[in-house]
Structures are given as structure tokens and as C-alpha cells.
Amino acid sequence: MTSHRTYEVLRGSSGVVTGESDLWCTYAAVRTLSWLGRTADLPRPGEVAAFLASRQNADGGYAWSAGMNSDAWATYYCTQALADLPAEARGTARASSGDWVRSTAHPDGGYAMTPGQTPDVWATYYAVRVLVEIHGERPPAELTDWLGALQAADGGLAWSPAHAKDGTSDARACYYAVTAWHTATGGRGPLPWDRDRLVRWLRDRQGAGGGFTFQDGDATECLWATFRAVSALARLGESPRDPAGCVAWITARLRPGGSFTRWPGYPVPDVWAAFCGVGALRELGADPTGLADRVVAAVLSFRTEQGGFTYRAPELASDVLTTSAHLLSGRLADDAARTALRWTEGCVLPNEHGVMYMPGRGSEVRCTLWALAAGAFADDAAARTGIARWLTGAIQNPDGGFGYWEGRASDTVSTCAAAEILAATGSTDAAARRGIAGYLSSCERAPGQYANVPGGKPTLRATLQALRALRLTAGADRAAVEEALARHRVRGGGYGNDNHRVPDLLSTYEATLTADAFGIAWEAGHLSRFLDSVRTADGRFAWTPLMATSGGPLADCLGHRLELRLSSERCALPPLALS
Amino acid sequence: MQTLEPTDINARLVAVLEQRFGEAARALPGDADLADALPGFDSLAALEYVNAVEAAFGIEVDFVGDDVRYQFSTLDRTTEYVRERVEDQAA
């Protein structure tokens, strides 16, 4: 377990700051203000609405950032936050997200994060709340059966019916499942679980300090787990064994004169802690009004110039992907690089050994890969072993694949990232490797052509990610790589993800990386012409030849690493995967 | 040789942009930068724009060789690009 002392490095900001708004942070901020009856304190609510609305795609769903595919997670956060804003600030009517959400439904009653993916309780919760609370619909009756199958042998609820068979229960899964049931039925339908065992499991998560943990065996009580556990109990009409102790533990998370922090020893008040602290007090029947001024002041200080929010004061809001990108680009001087790496290594939760995108968030597979590639934990064998165990022991799904974070259904990009991490950390777990190969076989849509999720359409990046992961685990056919590269090679330069006409930086990076991994020769002039087409006037890189401005630090990093690959030193490309 | 008047090309380009951007496209000056003038004209919208222009005029854009970010950055530039490509194809 990471010691409390480690978190002191997060008090300042030795990582790299983008100053950009984040969707989850924006949702948490708006909802916290709404719970406190203080959305009127937002100076320019129309800007928040514009930030949220900019995430909507033509299919009606919303994406984590502009240009990405819609997912249930982003669709829930955007629609709910928009609904919480003052009516006059929400802007013009937008396309309904209802059809898109229904496209994620499975016949068994669960919902997936994206169409074609396996259902999980995160996605099911988001979909049900959007359908019921935003669109006034009633989910199909099969939902109750799917939710009922989440109860594990220990009485708690798991991420999916398949997870439940292995007995992995989590306070978040309990909250999402119970709230989905409560939302769909108004709390009046028959409870699809053994009530006594479920309530006992939830109450058993309360620790000696008064706060809760996510899972059996977790050592550190956490405000996020506390909020989810007391919320699940409240929807069941129950309370913790020691409600007064729980309230005292929550209020002890307040900084003197300031807002909430996440767990004992964590020094930084952030937007999620505010969200969880206020939310948990409401669920426990403790009026948070007396804390409103200090919490609102903190939350409003997290606003960015983009109109949304980040997790703390924007000038200090570093994130792991941006920091890793700067490190991989060599854009930091030696001293700054060392402190940035130490900051990155501090982005590990007490009970999870992977690296978080932002401190205080859950550990994420892709961020962990970027951090390791940037040099994090290079000299810390114990931490690297812990990461490998976190992957194979906690994150790997029953289907053998990996999702973005714990409990998320599997996808090819995360599974590839996990395979790369296991290789980098020297893991020799044969069962984990067999699982990876098994999951990827479910994504093979045509011979040698892979999709990001089992029911998705094949793309170049998913194909290359699958073949790289297979090379590291069960073996892969070099000819399949050659065929994929030939299918997606753009004549003028670069590679396209969906066809062979529109090249993009991410696909071209993955194509070059995979060709190198399989010992396949490529033409330097072809790559060089592509880089010329995405290089901006200031020497940075756009994601596609269509854009005149940099795609941001991640695009700059990938473009620069391709330039280094073309240089006389032929610097190897880090094995990165992003989408 | 097939020719298209710039005003015809411009009108069809505006119609293409109108489908996504509505009123904002109708009032667009010919020299306005699309990314600045049209809210939401991001990389995805730009790609859809190029694809729609290809379909509307029966041309094929070379995304690497044609400096697409310049040619498709304003209505006037796109008009000139389309006129030349249509003439090239007809020649």
C-alpha cells in the first residue's frame, strides 16, 4: 500500500497542467452546487452548458471529449449536468439521446457503455438514469433479472453477472445496481436480491474510523466509498451501523476553513471530495447547509477558462496523460522531469495499484501504461509487481479482457494496454495471457480484423492493438499485420483507421509501432510526408491533416516520437495505446 | 470541358454546411475561417465537410497531398479548390 507520506507530492503541482475542463469534474461541480441549492452562484452558467453541449455527437449520445465516440458514461454526465443548470442557461434544444442509449441495451436486460460491448453495472446505471430521469421512459422488465444476477456469494453486488460468479463485490457496484433498480421502479418493485445479506455486506464495509471501503480487504476508508455505500443503504431504507460515526468521519475530511479531502492523509481538497462529502451527508440526513459557503467557494475556484471545471485550482490541476506526454517528448528539463515522475508515482490510490488519470480518481489501465512508458516506477520493482498484480488480480474481467478501469467491460484498447504493461513489468501469469487471447478472439469480426468491442466494427487501430497483444501473449501472425497495414495505407502518406483515404496521427503511430514490433519494413518517405501534413506552423502536431492547430500535448508527443523514429538514431516508439 | 460557376459552387457548399450548422452557415462570409466562424467545427466536422464536398461534386480529395487544412478552411478557398478539381477531372 502507498504510504500517506507519498501524497504530499500531490499538494503542489510538479506534473503538467493543461488548464482544460474535464467532464466528470464539471458534472461533480454542477451537481454539488445543485445539492446545495447554489447553482445561481455560477457566474456564467451558459458557458458550462456550452462545454457540456459540445460533447454531443450526431448520433445523439455524448463523448468524453469532442471527436470521440459516444458512451453511456459521458451521456449521463452531460445530460444530468445540463438538467441541473438554470433553465435559461441550457441553450437551445438538442437532439434526444434516447435512441442512442437504447442502442446500448442487451436482450438480457443490461446496458453497455457503447453499442456492441458487454453490459456492466456502470453503464446500466447511467443508461437507466438517462432513460428514466431525462426521457421519462421505463426500462424493460428484463433489467430486474439482470440486476438480480449481480449478487455474489458474499451477499454484495458485483460489476456484472459474470463477476458475481467469482464473488467480487464492490460498494460502487452496490450503489449503481440499487440505484438503477430504485430509479426504474421508484423503489416500489420487488427487490431482486437477498436483502438481509446485501445490507449486511454493505454495513460490513464501515471501518473502525467510521468511513467505508469499496471492497472486503481494503485498508483505507475513503469518501467516495462512503458516499456510495451510504447511498445504497439509503435507497434500501437502511443506514450504517454507526451513522453518527460516519458523519463524524465525513466532516473530519474537511480542511480547516476549506472543503473536503478524499481520505485520511490526502492533502488536497478536490471536486470529487466535495461531491462525495455533500452527497454522503445528504444521504445520512445531515444537513450540509452550514458547510455550503466554504464548499461552494472551493468548487467555484476549480472553474477553467473553457467554461467547465477541473478537479482543483486550474493552475495546479496536473494530469498523468499530459505529464507523461511531456516526459515522453523530452519537453521537461532534468530536474522538472524527475519531480514530474515523482508526482506521477503519487497518483496511486491506497487500495488500487494502478495509476490514476487525475489524483483521487480510480486507477486506469491506459494511464498506467503511459506513466510506465514515461519512466514511472522504473526503479521500484515492488510497485511494478503491484501494478501487475492489480491487473491480473483485480482488473481482468471474467471474459479475459480489460476495461478502462475496475468493473468496466472489456475493450481492445485497454486489453492491449494491459498486455503491454504485463510485458513491461515482467509478469509471467499464464492464465492472464490465455484470458487476453480469449477476449480478443471475441473481437475478431473477420479473419485478421478486430473491433474494439465484441459487437463493434473492425478498425485498423483495434486490429493492430489486438495483434500486438496477441504477440505478447499467445502469438500472432505477421501476415495479418501486413494485410491490415496494406488495407489502411493511405497512398500519399500515413494510415487511416476506417479506410485508406483519411490518415490520422494515432493510426499512423500505431501502424509504425506495430510494424516495428513485428519486424515489418516501412517507407520513411511515406511517414515523412504524413508528418509534414499534420505538422502545424509552430512545429507541433494536429491529429489529422484537416486541422491547422495542435491536437494538444498527446498529439505533440506522438508526432515528436515519430520524428525521433525517423531520425538517424531511430529511437524506438514507446508502446502506447490511447483509443 | 465541364465547368461550374464559382457562385454555383459556393451555393452548394453553403447547402452542405447548412445541414450541420444551420443559420450560421447561411450568413458565412466567403473569407471567414470555418473553425472560428462555425461553433463546433472541429476535426470531426471538418472531415464530414470534406466527405460531403466529395459527394456533392464527385471529386476525390487527396488528404495528404492537397493541403486540405488550407483548401477547406474558408468557403472561398474550397470554392476555388472544387472548381480546379472539377476542371481537372473533365480535362
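The model is predicted. Over all chains, 38 salt bridges are found. The largest nonpolar core has 182 residues, and another core, of 32 residues, lies apart from it.

**Salt bridges in chain A**

- A:Glu523 pairs with A:Arg529 in a salt bridge, with 3.8 Å between the closest N and O atoms.
- A:Glu523 has a relative accessible area of 40%, so this residue is partly exposed.
- A:Arg529 is also partly exposed, because its relative accessibility is 38%.
- A network of salt bridges links A:Arg38 with A:Asp41 and A:Asp293.

**Salt bridges in chain B**

- B:Glu18 and B:Arg26 meet through their side chains in a salt bridge, at 2.2 Å from N to O.
- B:Glu18 counts as partly exposed because its relative accessibility is 27%.
- B:Arg26 has a relative accessibility of 47%, so B:Arg26 counts as partly exposed; the cut-off for exposed is over 50%.
- B:Arg85 and B:Asp66 form a salt bridge in which the closest N and O atoms are 3.2 Å apart.
- This last pair links distant parts of chain B, the two residues being 19 residues apart.
- B:Arg85 sits in helix 6 (residues 75-90) of chain B, whereas B:Asp66 is in the loop between helix 4 (43-57) and helix 5 (68-71).

**Nonpolar cores**

- In the largest core, of 182 residues, the residues with the most contacts inside it are A:Leu52, A:Trp73, A:Tyr126, A:Leu147, A:Leu202, A:Phe260 and A:Trp370.
- Helix 8 (residues 171-185) of chain A gives the largest share of this core, 10 residues.
- Leaving out residues up to four places away in sequence, A:Leu52 touches A:Leu23, A:Thr26, A:Tyr62, A:Cys78, A:Ala81, A:Leu82 and A:Leu85.
- The separate core of 32 residues includes A:Val502 and A:Ala542 from chain A, along with B:Ala25 and B:Phe41 from chain B.

**Annotated domain in chain A**

- An unreviewed UniProt entry carries the annotation "domain: Prenyltransferase alpha-alpha toroid", which covers residues 70-212 and 375-482 of chain A.
- The span of residues 375-482 of chain A is 56% helix and 5% strand.
- The end C-alpha atoms of residues 375-482 of chain A are 31 Å apart.

Key:
Residues are numbered from 1 along each chain as its sequence is written. Chains are lettered from A and ligands numbered from 1 in the order in which they are written. This is a predicted model: local features need pLDDT of at least 70, side-chain atom pairs count only at pLDDT 80 or more; totals for chains, interfaces and linings use all residues. Side-chain values use heavy atoms; hydrogens and water are left out. A salt bridge is a side-chain nitrogen of Lys or Arg within 4 Å of a carboxyl oxygen of Asp or Glu. Buried means under 20% relative accessible area, exposed over 50%, partly exposed in between (1.4 Å probe, protein chains only). Helices (H or I, at least four residues) and strands (E, at least two) are DSSP runs, numbered from the N terminus. A nonpolar core is a set of buried Ala, Val, Leu, Ile, Met, Phe, Trp, Tyr and Cys residues joined through side-chain atoms within 4.5 Å. Contact means heavy atoms within 4.5 Å. UniProt positions are given in the numbering used here, feature names are shortened, and annotations may be inferred rather than shown by experiment.
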